[in-house]
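Visitor: I have a model open and want to learn how to read its features. Where do we begin?

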Amino acid sequence: MPTTKPTTSVQLYTVRDAVAEDLDGAVARLAEIGLEHVEPYAFHERTVEYGRAFAAAGITAPSGHAPVLGSDAPEAIFDAAATLGMATVIDPFVPAEHWQTAEQVAELAERVNGLSVLAAERGLEFGYHNHAWELSTRIEGRHALELFVEHLDPAVVLEVDTYWASVGGADTPALLAALGDRVRLIHVKDGTLDGDVQAQQPAGSGAVDVPAILAAAPRATRVIEFDAYAGDVFAGIAQSFAWLAENDR
């Protein structure tokens, strides 16, 4: 077990409306909650603005999301990540139709492996973030994500979205234990297990076994996220942050 608590961050997609309206103000509000780290999305499109907002609020971005796999200029994305001081770049989305066969999964892993080399040239790690379909799709009796991992180079990392893994039918604590230290980050969110994002709730309030998930990935960075939230989203983040401070032991 770790001797200190792991890092806690928040995915800025959670507050995307506030970011679109006032990036600096949104980041400042997260700092007021007590967060010291964030995970920006599409950071290569607003690198200077993100850098300014982070510096003003005393925030760092250990990781970020960007569509690297579909980019014609992945080097530019990695350069932007390095400029912002990131350690890890995560591609957050490959559509379900690309996870249907063993051949597709192997080809995808090969592409990820190649991009990981480009990232390493800039001192970065590169990895992938799942949704539900990488777990709900079964190939040769296994989750498609498990087959994908078998084809990955050791340098490639994972960010496991623990909510979507659970919705996809995985035993998420067992999955995390099997994947081990390849899992650098986990998305922490809660809610019902039917995939209704409108029913997402602060950590510890829903049907996801968040305590077991945290215990299964003791060193992974915890990234708070809501795909949607019925109430004040900053209040929801604050509630998740407080719950983690109390229960992530």
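Guide: Begin with the sheet. In general, the strands of a sheet pair through backbone hydrogen bonds, either parallel or antiparallel. This is a predicted model. Here seven strands make an open sheet, and the pairing is parallel. The strand order is E1-E9-E8-E7-E4-E3-E2.

Visitor: Which strands stand at the edges?

Guide: Strand E1 (8-10) and strand E2 (63-65). Each has a single partner strand, so one side of each is left without a neighbour in the sheet. From one strand to the next, the twist averages 25°.

Visitor: How many bridges join E1 and E9?

Guide: Three, in the parallel sense, with strand E9 covering residues 221-224.

Visitor: Now helix pairs. What describes the packing of two helices?

Guide: Two values: the angle between the axes and the distance between them. Take helix H2 (residues 23-33) and helix H11 (residues 233-247). They pack at an angle of about 35°, and their axes are 10 Å apart. The crossing of H2 and H11 is right-handed.

Visitor: Which residues of H2 and H11 meet?

Guide: From H2, Ala26, Arg29, Leu30 and Ile33. From H11, Phe234, Ile237, Ala238 and Phe241.

Visitor: At what angle do H2 and H3 cross?

Guide: Roughly 35°, with the axes of H2 and helix H3 (residues 47-57) coming within 9 Å. H2 passes H3 in a right-handed crossing. H2 contributes Leu23, Asp24, Val27, Ala28 and Ala31. H3 contributes Glu49, Tyr50, Arg52, Ala53, Phe54 and Ala57. The contact of H2 with H3 divides into eight nonpolar residues, no polar and three charged.

Visitor: And what are the angle and axis distance for H4 and H5?

Guide: Helix H4 (residues 74-83) and helix H5 (residues 102-120) pack at about 45°, with axes 10 Å apart. That makes H4 oblique to H5. Their crossing is right-handed. Pro74, Glu75 and Phe78 in H4 meet Leu115, Leu118 and Ala119 in H5. Five residues of that contact of H4 with H5 are nonpolar, none is polar and one is charged.

Visitor: Let's turn to charges. What can side chains of opposite charge do when their charged atoms come close?

Guide: They can pair. With a cut-off of 4 Å between a side-chain nitrogen of Lys or Arg and a carboxyl oxygen of Asp or Glu, the count here comes to 12 salt bridges.

Visitor: Which residue forms a salt bridge with Arg122?

Guide: Asp79, and the closest N and O atoms of the pair are 2.6 Å apart. This pair links distant parts of the chain. Arg122 lies in the loop between H5 and strand E4 (125-129), while Asp79 is in helix H4. The two residues are 43 residues apart.

Technical notes
Residues numbered from 1 in each chain as written. Predicted model: local features only at pLDDT ≥ 70, side-chain atom pairs only at ≥ 80, totals over all residues. Heavy atoms only, no water. Axes fitted to C-alpha atoms, helices over the stretch in contact; angles between N-to-C directions. Helix = DSSP H or I, 4+ residues; strand = E, 2+ residues; numbered from the N terminus. Parallel < 35°, antiparallel > 145°, perpendicular 65-115°, else oblique. Left-handed = near helix turned anticlockwise from the far one by under 90°. Contact = heavy atoms within 4.5 Å. Nonpolar A, V, L, I, M, F, W, Y, C, P; charged D, E, K, R; others polar. Pairing = 2+ DSSP bridges.
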